[in-house]
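User: I am new to this structure and would like to be guided through its charged residues and its ligand site. May I put some questions to you?

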Amino acid sequence: MAWVNGLQDVVAAGTELSEVNGEVGKLSYRGRDVGDLVGKFDYEDVAHLLWFGELPSEPQKQSLNELFFSGRQAANEVFDVIDNLPAAVDAMNAAAIGLLCMRAPSGDESDASAAAWYTAAFPVLLLRHYANQHGLLKPRPDIHAGHVATYLYLLRGGIMPTTEEVQALEAYMVLTMEHSLNASAFAGRVAASTRANTARALVAALMTMTGPLHGGAPSLVLDMFDAIGSLSRADEWLEGELSMGRRLMGFGHRVYRTVDPRAQVLHTIAAKSLAGQDSLVLAEGVERRAVKLLAAAKPGRQLHPNVEYWAACVLRSLDIPRSLLTATFAASRMAGWSAHILEQRRCDKLIRPQAVYVAAP
Ligand code: ACO
C-alpha cells in the first residue's frame, strides 16, 4: 500500500536529549559521547544528565538518591496489588499496573522528581511480581544502594551482586537509557502531548517497547542461539531463515547504517565476562556469518548487529532470566522515556498527524 513507510525520515520533534548519527554509528546524550559515559558515571548520574541537562554535583546526587529511595518506598505501598495478580500475568504488564496504581509524587507533572520516582519504582514492581511468579524470596526494596545494584539484589532474593556484575549491568543500562525518537519514546511523547500524566505516558512507552521489532528481540536472539546449537550448523540455519523470508533477530536498525555503537561496547563486555565459553564462540561466529549472509541477501541494506544482539549475551552472562530481558531493557529506558515526556510537556503541543484516505481497491 502506498503511504506505508513507518514515518521513516520524517522529523517529528526536536530534542536536546540525544543524537543518533546512523551513518557513522555515534550516539551522544546531551552532546556527550555515550562511550565516554560508560564506566565513569552510574545510572543515576546519567539520568540526571538527561533530566536536568548536567551531571550532578555531590549535593544534587544526594537529592537524587533520596528521590530514588522514595520511589522504591512508594512502590512498596502497592505490593498488595502486585501480590494479588495471577502468576500468568507477564512481569512487564504487572509493573505497568503497579505504576498506574502508585500515588503521584509531590510536585507538579513538569517536575523531574516524577521521573526519578517512577524510574526507581519500576524494577521494584517488576521484580516483586517475578518473585511471586517463581516463589522466590522477596527482600525489602528500600535499601541504600545504587539503582543497578538494587536491581540485581531484588532479582537474586536479597543477595548483593559483585562489583563486576554491577559494572556490566550499569554499562548496559547507561548505553540503553536513551535513543532519540524510537518507537517507544515517540509513543510516550504522543501520550504526554495529550497532557496525560507521567505514569500513563510511561506505560504507553512501556507497552510499545514489547514488540519483537523493538525491545522484544533479546530473548529471541537467545532462542536463535539455542536453535542453531553449534557453529557448524549456523550457515544452514541462517540461510534457511533468510530463504523463508524471516528476519534474523538482533540485526538491522532503522537508523544505523553501520554497526550500532552500543553493540560494540556490549560485545567487549560480553567478551570479558564470557571469555573461554562456548556461548561466546557461538555468538561471535553467528554474528560473522549472519552479517555476510545478510549482505548477500539484502545488498545495499547495511544490516549489522544491533544493540539487542550483544545485550542478550551480556544479560545472559548476568543470569538475567530470558523472560525478563525486555523488561530489563525497559528498566534502563525509564530514564530516557521520562526525559522525553518532560521535554514534550514543555512544548505543550498536541501531536496529531494526518492520514491520507485511500479508498479500498
Ligand atoms: N533480518 C533479515 N532481513 C532484514 C532484517 C533482519 N534482521 N532487518 C531488515 N531486513 C530486511 C527487511 O526484510 C527489508 O527487506 P526488503 O527491502 O527486501 O523488504 C530490508 O532489510 C529493510 O528492512 P526494513 O523493514 O525497511 O527496516 P526497518 O528500518 O523498518 O527495520 C528493524 C528495522 C525493525 C530493526 C529490522 O531490522 C528488524 O526487524 N530487525 C530484527 C529485529 C530486531 O533485531 N529488533 C531490535 C531492533 S533494536 C531496538 O529496537 C532497540
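This is a predicted model: local features need pLDDT of at least 70, side-chain atom pairs count only at pLDDT 80 or more; totals for chains, interfaces and linings use all residues.

User: With which residue does the side chain of arginine 103 meet in a salt bridge?

Analyst: Arginine 103 lies in the loop between helix H5 (91–101) and helix H6 (112–134). Its partner is 26 residues apart from it, in the loop between H3 and helix H4 (79–83). The side chains meet at 2.7 Å, N to O, and the partner is glutamate 77.

User: How many residues apart in sequence are the parts tied together by arginine 322 and aspartate 223?

Analyst: The side chains of arginine 322 and aspartate 223 meet in a salt bridge of 2.8 Å, N to O. Arginine 322 is partly exposed at 31% relative accessible area, and aspartate 223 is partly exposed at 35%. Because arginine 322 lies in the loop between helix H15 (307–317) and helix H16 (325–347), while aspartate 223 belongs to helix H11 (residues 217–228), the pair ties together parts whose separation in sequence is 99 residues.

User: Is arginine 262, which forms a salt bridge with aspartate 260, buried or exposed?

Analyst: The closest N and O atoms of arginine 262 and aspartate 260 are 2.7 Å apart. Aspartate 260 is buried, and arginine 262 is likewise buried.

User: Which side chain of opposite charge is nearest to arginine 72, and how far away is it?

Analyst: Arginine 72 is found in helix H3 (residues 58–76). It is buried, yet it has no salt bridge. A salt bridge requires the nitrogen and the carboxyl oxygen to be within 4 Å. The nearest side chain of opposite charge belongs to glutamate 44, at 4.8 Å.

User: Which backbone oxygen does the side chain of arginine 72 reach?

Analyst: Arginine 72 touches several residues beyond four places away in sequence, among them Ala120, Pro141, Ile143 and His147. The backbone oxygen that its side chain reaches, at 3.0 Å, is that of isoleucine 143.

User: How much of the ligand's accessible area does the protein cover?

Analyst: Among the residues that come nearest to the ligand are Arg247, Leu248 and Arg301. A polar side-chain atom of arginine 247 lies 2.8 Å from a ligand oxygen, and an N or O atom in the side chain of arginine 301 is 2.6 Å from an oxygen atom of the ligand. On its own the ligand has 920 Å² of accessible area, of which the protein covers 79%.

Key:
Residues are numbered from 1 along each chain as its sequence is written. Side-chain values use heavy atoms; hydrogens and water are left out. Helices (H or I, at least four residues) and strands (E, at least two) are DSSP runs, numbered from the N terminus. Buried means under 20% relative accessible area, exposed over 50%, partly exposed in between (1.4 Å probe, protein chains only). Lys and Arg count as positive and Asp and Glu as negative; His and the chain ends are not counted. A polar contact is a pair of N or O atoms within 3.5 Å; within protein, one must be able to donate a hydrogen and the other to accept it, and residues adjacent in sequence count only if both atoms are side-chain atoms. Contact means heavy atoms within 4.5 Å. A residue is near a molecule or strand if one of its heavy atoms lies within 4 Å of it. Accessible areas come from the Shrake-Rupley method with a 1.4 Å probe; for residues, only the protein chains shown count as cover.
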